[in-house]
Amino acid sequence: MSATDHVANLLSDLDRPVEPRSEFRQALLRQLLDEFQEDAAPVRGGLLRRGFGQFLPGAAPRVRFALIAAAVALVIAGIAAAAYVAAQLVFETPPTDLSAGVDEWSSFALSPDGHTLYAIRVPKAESAHPGVPQLMRIENIDRGGQLQAKLVLGLGFGDLAGQGSDVQTGSVGSDGRVAVAANGDLFLVVPAVARDSLFVLRSDVSRQRILDGRELIRANLFPTAGGVAFDVAASAPDRVWLWASPWEGDSPQRLFELIDPNGDGNWNDRVLRTIELPDALPLAKQWQRTSWNAFPDWHWQLAAEQSLPGDNRSRSFLAAALSRKTGEFRIYRIADLNDDGDALDPGEATLVFDRPDGVAGEYPLNKAGATPQIAPLIVTTGDGAQRREIAVAGLTSPDRVSLISESGPIVEIGPAFPISSDWPANGLAVAAGAHGELYAITPRSTSSGLAWNVYRLRAENARERSSR
Amino acid sequence: MELVVEEVEALGLDPRAFRAFYDDALPRIYGYLLHRCGGDVSAAEDLTQETFLSAVCELKKGQRVEAPLPWIYGIARHKLFDHYRRQERAEGPLAIEPSAEIGDVPFECGQEARERAVAALAGVPASQREALVLRYLDGFSPPEVAAALGKTVKAVDGLIARGRESFKRAYLEVSS
């Protein structure tokens, strides 16, 4: 190239060291040194990837006896085994060898029409650490046939940069989360290093960033030195609930309500409201991360409910809370019905379900971040009446799905699913649709590695038939 | 060579030695990625993190690294190209390549010119940027660029030519 090639001159002059932000330098160094101190190769999900056997200490007879006693107590408390729901395997992901990398599937959600199952997948990368999470979809999940999982969107900078986003993906924190609104819009928590972001992916495939964790930090709602992790529930196309937990730093967990005020699907004018919660809710009011694998005492999961004629649930959501210390499992319904910025008024924070007798530190209520997973469901009975249930995976047993009625007992449904002994206790997941569809998803060990199996649960008699 | 071997062993076994390597390598790798990502701090931080995490993983596997800096530059380059390809997929058919040729950019140097060049590089379509980076920033020959990208030399020549036009156009825009 000649000396007068100004393009070459300009470009070749660019390579100079640049000092990054000190916060980034320190956070990355801390993460790398943590990796050095870990015996195993670092993988996304941290503790969630530890073996199931790790949570079942040895085979001590006393422990076994305690587990059996707990199971008996649960039965006495009203758990009825019901075998009237059949399960049909409808999809299986290609097997993956976890020891060689990462290929994890999580956060399953059904489209409103029940035809498409969405999930977050963390693919293998060419190196040891995981790749950028991906939003996947399995179409015609309710129709059977030759099903394929297709990539909808990569949750990395490259795929989202077109929207002027400053999103990062990272190898710590969550793998992302997807929630589906009643009009089919997808709300995506895009994982980032200590600061998640919330995007909407509309049914016309346009997408928009709604909120970045840094906005909450700049608003002094979370410490500058820390970060924010999100969970999300979309109770309506124009109303999203955001659970924000501090990644580190002395800070409380907070609940936000995000509203698209004119309901036009453009969230540029979004309204963000902090919702004050009653003291009775076991929130971490002051929490500081002491190690990379530390978590607040209570794990929370959000889920939106479907609305029925005369029973609008677009302004509330369910929040499941699991105590890692005591094993207590609660489900609340939360709303701000009078728009006064809190859930302190009558009927705004209702305890829907409480089981205080969990086994702390053991399956299904262990300290490792695992938790039973919930999916609100509407069941249509043989006489056409509809009633609300909550499907819960892993509540009574690691391999069972249960239904919780607001006024009835816990009822196990479907078979015992073939879960993997190499997978943590919360491997079993559920996804439910607006018309009674119910799917159980479980990681299963195969000769070629771990594969995620999707089962459709169907009623075999009229008593509990789900209708379309 | 002895010194390098000691450094490699320390990298694998001693976090303090790794920290010294980190202090030296971080600004280089971050700068390498930042300029090639068009000054996008978030993308550069993301890729820097991925690069160092991969490096630590490899060290923990017991890999012997005789030249740590070239080694980690190699990792960073892989991460960068993955990033470009994701961008390329995202740009898809929306990437517009005007056909009209424009004049050369003026001869400039200094910090302001570098900042404009970084901004202009960000405006170049990802596939062309990839070729420009390899050719002019990394100093690869056209056959080496072709081998790195899995393309023919002729295709790479075309990419570079179009990339130069895109860069010049973007540079003149940011300069005005």
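**Reading a predicted two-chain model by its cut-offs**

Q: What share of the contacts in chain A with a separation of 6 or more comes from residues 24 or more positions apart?
A: The share is 54%. A contact here requires heavy atoms within 4.5 Å. The model is predicted.

Q: How many of the residues in chain A are buried, as a percentage?
A: Of the 468 residues in chain A, 58% are buried. The cut-off for that word is under 20% relative accessible area. Chain A exposes about 18700 Å², and carbon and sulfur atoms supply 51% of that area. Its secondary structure comprises five helices and 25 strands.

Q: Why is Ser314(A) called buried?
A: Its relative accessibility is 17%. Buried means under 20%, so Ser314(A) qualifies. Ser314(A) sits in the loop between β15 (298-303) and β16 (316-323) of chain A. Beyond its neighbours within four places in sequence, Ser314(A) contacts Ser235(A), Ala236(A), Arg239(A) and Ser307(A).

Q: What makes Ser206(A) partly exposed?
A: Its relative accessibility is 26%. Partly exposed covers values between the buried limit of 20% and the exposed limit of 50%, so Ser206(A) falls in that class. Ser206(A) belongs to the loop between β9 (197-201) and β10 (207-212) of chain A. With residues up to four places away set aside, Ser206(A) touches Val200(A) and Leu201(A). Asp185(A) is 21 residues away along the chain, and its C-alpha atom is 9.9 Å from that of Ser206(A).

Q: What is the strand order in the open sheet of four strands in chain A?
A: The order is β11-β12-β13-β14 (chain A), and the pairing is antiparallel.

Q: Why do β11 and β14 of chain A stand at the edges?
A: β11 (228-236) and β14 (271-275) each have a single partner strand, so one side of each has no neighbour in the sheet. On average, neighbouring strands of this sheet are turned by 25° against each other, direction ignored.

Q: How do you know that β11(A) and β12 of chain A are paired?
A: Eight bridges join β11(A) to β12 (residues 239-246), and the two run antiparallel. Pairing needs at least two bridges, so these strands pass. A hairpin of two residues links β11(A) to β12(A). Across the pair, Ala234(A) faces Val240(A) in β12(A).

Q: Which hand does the crossing of α5(B) and α8(B) have, left or right?
A: The crossing is right-handed. On the α5(B) side, the contact residues include Ala113(B), Arg116(B) and Leu121(B). On the α8(B) side, they include Phe167(B), Tyr171(B) and Val174(B).

Note on methods:
Residues numbered from 1 in each chain as written. Chains lettered and ligands numbered in written order. Predicted model: local features only at pLDDT ≥ 70, side-chain atom pairs only at ≥ 80, totals over all residues. Heavy atoms only, no water. Buried < 20%, exposed > 50% of the residue type's maximum accessible area, 1.4 Å probe, protein only. Areas by Shrake-Rupley, 256 points an atom, 1.4 Å probe, with all protein chains shown as cover. Axes fitted to C-alpha atoms, helices over the stretch in contact; angles between N-to-C directions. Left-handed = near helix turned anticlockwise from the far one by under 90°.
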